[in-house]
Amino acid sequence: MGTGPQAKKHGARKKITKYKKKTWLCHRAKDTDQIQEEIEKAEANGKPIKFDYDDDLPGGGQFYCVETGKHFTDAKALADHKKSRYYKRRCKELKEEKYSQDFADWAGGMSKEKLPPAHSGK
């Protein structure tokens, strides 16, 4: 850390941290449950996930990896990506069961057990 005037001011690095948070959020990868829902919808429709040609997307949107939710410039880049560690880890994550509210309640200790009535008629 430097000793200049910026280092001594309170909140001098606030602009930098705001920028980092903003850029991280807009470049963030899709969550696994979002990708699982996309795959389920594609299987229900019976059609694979495809994109029309779009100049804004890399490779015109024609080379898309469903498992990671990323576009690539050409087929070689997509093939190289499918050999990567990131792709293989993501595929393993997608094979796991999708989280649900029931699982979240169970993990939080909120059980749905039925207890016998406290005051039974005698």
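**Salt bridges in the predicted model**

Good morning. Lys-98 has a relative accessibility of 29% and therefore counts as partly exposed. I begin with this residue and its partner; please bear in mind that the model is predicted.

Which residue forms a salt bridge with Lys-98? The partner is Glu-40, and the closest N and O atoms of the two are 3.4 Å apart. Glu-40 belongs to helix H3, residues 32-45, whereas Lys-98 sits in the loop between helix H5 (85-95) and helix H6 (101-107), so this pair ties together parts that are 58 residues apart in sequence. Glu-40 is likewise partly exposed, at 43% relative accessibility.

The next pair is Asp-80 and Lys-76, whose side chains meet in a salt bridge with an N to O distance of 3.1 Å. How many residues apart are they in helix H4? They are four residues apart in that helix, which spans residues 75-81, so about one helical turn separates them. As for solvent accessibility, Lys-76 is exposed, with a relative accessible area of 54%, while Asp-80 is partly exposed at 39%.

The last pair is Arg-28 with Asp-31, a salt bridge in which the closest N and O atoms lie 2.9 Å apart. Is Arg-28 exposed or partly exposed? With 41% relative accessibility, Arg-28 counts as partly exposed. Asp-31 is also partly exposed, its relative accessible area being 34%.

Thank you for your attention.

Methods: Residues numbered from 1 in each chain as written. Predicted model: local features only at pLDDT ≥ 70, side-chain atom pairs only at ≥ 80, totals over all residues. Heavy atoms only, no water. Salt bridge = Lys/Arg side-chain N within 4 Å of Asp/Glu carboxyl O. Buried < 20%, exposed > 50% of the residue type's maximum accessible area, 1.4 Å probe, protein only. Helix = DSSP H or I, 4+ residues; strand = E, 2+ residues; numbered from the N terminus.
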